[in-house]
Amino acid sequence: MIHAEGVAEVTDATFDGEVLAAELPVLVEFTADWCGPCRQLAPVLSAIAAEEAGRIKIVQLDVDANPGITSRYAVLSMPTLMVFRSGEPVKSMVGARPKRRLLQELEDVLEKV
């Protein structure tokens, strides 16, 4: 898996505890080794994880190694970014994007924290 520095990895086994039970909103990147746009997104996620620590938690899930969660949320494209709050998905975005655009798309999630 393409690992973004400062971003934790979750699995089918740890997803419910790490994501659904989290107090902060959680941005989950559904990713895969073979996904080119996922490579582009890794430094963006690392930067946001560092800058917004305490306001949002960012994790990655390898879709090839964790088919259960991937199919639970009907994820078909990589990268898919899904935001969870209080155990529920509240936002979904598909594809890589620059940091500024991603922060704009997360504004409504971040300001409620």
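This is a predicted model: local features need pLDDT of at least 70, side-chain atom pairs count only at pLDDT 80 or more; totals for chains, interfaces and linings use all residues.
## Starting at E5

In E5, Val 94 is the bridge partner of Thr 80. The two strands involved, E4 and E5, run antiparallel to each other over 6 bridges. Pairing here means that DSSP finds at least two bridges between two strands.

Residues are numbered from 1 along each chain as its sequence is written, and side-chain values use heavy atoms, with hydrogens and water left out.

Contact means heavy atoms within 4.5 Å.

## E2, enclosed

What happens to strand E2 (residues 26–31) in terms of burial? Here 6 of the 6 residues are buried, so the strand is largely enclosed by the rest of the structure. The cut-offs are simple: buried is under 20% relative accessible area, exposed is over 50%, and partly exposed is in between (1.4 Å probe, protein chains only). In a regular strand, side chains alternate between the two faces of the sheet. In E2, Val 26, Val 28 and Phe 30 point one way while Leu 27, Glu 29 and Thr 31 point the other, and all are buried.

E2 has partners in E4 and E3. With strand E4 (residues 80–85), the pairing is antiparallel over 5 bridges, and Val 28 has Met 82 as its bridge partner there. With strand E3 (residues 57–62), E2 pairs in the parallel sense over 6 bridges, and Glu 29 finds its bridge partner in Gln 60. To get from E2 to E3, the chain goes through H2 (residues 36–51), a β-α-β crossover that is right-handed. Right-handed means that, with the strands pointing away from the viewer, the path from the first strand over the helix to the second runs clockwise.

## A closer look at H4

H4 has 12 residues, yet its end C-alpha atoms are only 14 Å apart, short of the 16 Å a straight helix would reach at 1.5 Å a residue. That expected span is 1.5 Å times one less than the number of residues.

Which residues of H4 are buried? They are Leu 102, Leu 103, Leu 106, Val 109 and Leu 110. These cover an arc of only 95° around the axis, which puts them on the same side of H4; the arc is taken from the directions from the helix axis to the C-beta atoms. The buried residues of H4 pack against E2, H2, E4 and E5. Glu 52, in the loop between H2 and E3, is buried at 11% relative accessible area. Setting aside neighbours within four places in sequence, Glu 52 is in contact with Leu 103 and Leu 110.

Most residues other than glycine have a negative phi, and most peptide bonds are trans. Ala 74 is not a glycine but has a positive phi of about 50°; this residue is in the loop between H3 and E4 and counts as exposed at 56% relative accessibility. Pro 79 also has its place in the loop between helix H3 (67–72) and E4, and a cis peptide bond with omega of about -10° joins Met 78 to Pro 79.

The loop between E4 and E5 holds Ser 86, again with a positive phi, about 55°, without being a glycine. Is Ser 86 buried or exposed? Ser 86 is exposed, at a relative accessible area of 64%. Gly 87 lies in the loop between E4 and E5 as well, but is buried at 17%.

Conventions. Helices (H or I, at least four residues) and strands (E, at least two) are DSSP runs, numbered from the N terminus.
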